[in-house]
Amino acid sequence: MSPDVAARRRTVATASGVTVGAAAYLLTLLDWGTSLTRRASGLGYASNFFDIQARALMAGHLWVPDDSLSIEGFVLRGHTYMYFGPWPAILRMPVLATTHEYDGRLTLLSMALAFVVLAVVTTRLVWLVRDLMCGQEELTRLEAGSIAVFLALALGGTTLTYDASLPWVYHEVYAWAVPFVLGAMYWMLRVLRFPAPAAIGWLLAFDLGAVMTRTTGGFAVCLATVGVGVWLLSGRVHRLRRRSGWAVVVAGVLPVLAGVALNYAKFRNPYLFPLEDQVWTSLNAHRREALAVNGGTITGLQFFPTAFMAYFRLDGIRFTDYFPFVTTPSHPARAYDGAFLDQSYRTGSVTAFMPWLLALTVLSVPVLFRPGVDLPRRMLRLPLIAGVLVTGGVMAYGYFAFRYTCEFVPALVLGGAVGTVALTHWLRGRHLLLGAFVGLAALATVFSTGAAMLTGYAAAATTYGGPQLASYLDLQHRLTPDAQRALVTHGTGLPEQGRTDEIYVQGDCDALYLATGEDATPWLLVERRSLVVSVTVSRSADATRVLLARVGTQIPSTVWIQTDGDGRARLLLVTRYGSQPGQWFDILNPGSIRVGILDRAELGYAEVSSTPGGQVGYVPSSEYDEDWVTHPIDITPVVDTAAAAARGIGVSVERGLAPPVCTELTGG
């Protein structure tokens, strides 16, 4: 085969695989829209953390403004610190140095850039694995096809695609951590092939990036880098370049020292976070109990059985006959062997969502570790071990969420590449069997990619809430109306719990709720009839105020109409934060004022406004209970019409139009 033909096959295979993987990831990242500044939640919570940290770094310190990180902040020595690594914050600094316009809106762009890095390092890693295992053997069309399919799977069929559905700090970290780890694996192999100074420098850079993004993964690749250096020093790889092993050891040690120094500067500990000083710990009794039961930490081998079941169970996926058809299990991960968990959410497993990658990785173990394998295959051992070590953090951690399966992606990508190359090499010349293998791999790729995208689409809707959640249920109704009908229930009061995906209609479409299956947020308010209060005020009315509505929070919020005795009126909100008056406006004949309380479910608040007068402010429409479980709350009209009339104020209450999605679901 001529070099041009081989190069063309590589180019076509790479372009094909990257295009499919990029389409899956980027469509999910954009949520099938066009907004480049999309955030995970209506209020933008956790999409601005790295911007806050970046501005602190630009000001010359690590601490951030008090309360700016909400429950995620750590309060020590009178300052608040963020536990996330600084790399995504550093990345933002050139933009933030010139404008405030994009504060809190750079997460999506950061995750898109991270995917570019992921695509580059994954592609180079996969082809390097092929070169190490096959040498100068001819690249056949079917083999190129198998690698194209694998690239599509590695780039679009992992939990990273699910993570792309939510542009916030928790997922942005993994969007960068995974390519940094994979890049470090690639440069380990390059150094082992030929320890050139440039290759060692790139290995140092990726190790440092991994440490500065997610410490546990960074330390794992640094340890493997030291192992590479020691192997070079032994002279068993390159006898004439054994001294270069010292430079490689330094490349592994320096990032660790940098990570230790950073963590010590913030938390006075070389690698641990003082969870007792986190704001969440001060607010949440269950977290404090978890720390007490587990000896002041939520890490330890006691969590391994639970982690193994959560991340590797065969039934760690759920299929439904209604859109989106594929989702995570219907209940949060459960504790095993008496483990006392900190928090647990509905968690899909590696086995169920990425079965082909896992099977190929299992196959890679005998391929690489059987006795008598050649040096190139032995070179692949250390990077694969590094990928396995990366998972150590979540396998001994008492907090469970689907995003944590990203920790397994580096090992699955490298192991999957080894398994793919080994099988295609073994089937070389057996065209029918090799074609069947490529076809099976393609089907597995479609499954994993589709599962990640569909699960991510649902997550984007339920996390953002409000109109986006309503649109999601509307799409579900249009695609699978008969299956959805079985989910709809009716009642007058919201039950404490519902079955996962249950759609609850309260009253005559007074409100519509969705059951999440999560312990922390059992129900989500989708939409609710607005509350409209018609007020008639005489210009001669005395200075007084009349209660119009009450929000059933622990410390009730109230809405009042207030007059000043001089022909003017205004709205007054009273919340736990104090009084919030609207602007005074003249009472015009015939003295009619319409007060509206409209839910903004995506914000967790209801907007209060009047005509005339305009918007006044917001009252909460959801609240945490004593266990920090979120519940929707009622906004109730409270009008003593007789007392109001005695003050010259007439009041009548009505409900707004029935919410459109609820009307559609109930056939109204």
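The report below takes these topics in turn.

This is a predicted model, in which local features need pLDDT of at least 70, side-chain atom pairs count only at pLDDT 80 or more, and totals for chains, interfaces and linings use all residues. Residues are numbered from 1 along each chain as its sequence is written, and side-chain values use heavy atoms, with hydrogens and water left out.

Of its 16 lining residues, Phe312, Leu358, Thr361, Val388 and Phe408 are the closest to the centre. A pocket here is an open set of points on a 1 Å grid over the protein atoms alone, where a 1.4 Å probe fits, with protein on both sides within 12 Å along at least five of seven lines; lining residues have an atom within 4 Å of a point. At least two lining residues come from each of α13 (304-312), α15 (355-369), α17 (381-390) and α19 (409-426), and α15 gives the most, four. Helices (H or I, at least four residues) and strands (E, at least two) are DSSP runs, numbered from the N terminus.

**Ser344.** This residue lies in strand β5 (residues 343-344). Ser344 is buried, with a relative accessible area of 17%; buried means under 20%, exposed over 50% and partly exposed in between, with a 1.4 Å probe and protein chains only. A polar atom of the Ser344 side chain lies 2.5 Å from the backbone oxygen of Ala333. Neighbours within four places in sequence aside, Ser344 is in contact (heavy atoms within 4.5 Å) with Pro332, Ala333, Phe400 and Glu518.

**Strand β12.** Six of the eight residues of β12 (residues 544-551) are buried. Two strands pair if DSSP finds at least two bridges between them.

| β13 (residues 557-563) | seven | Thr544 and Thr563 |

β12 and β13 form a hairpin with five residues between them.

**Backbone geometry.** Most residues other than glycine have a negative phi, and most peptide bonds are trans. The bond from Phe323 to Pro324 is cis, with omega near 15°, and Pro324 is in the loop between β3 (318-319) and β4 (326-327). Thr611 and Pro612 are also joined by a cis peptide bond, with omega about 0°. Asp67, not a glycine, has a positive phi of about 70° and is exposed, at 71% relative accessible area.

Methods. A polar contact is a pair of N or O atoms within 3.5 Å; within protein, one must be able to donate a hydrogen and the other to accept it, and residues adjacent in sequence count only if both atoms are side-chain atoms.
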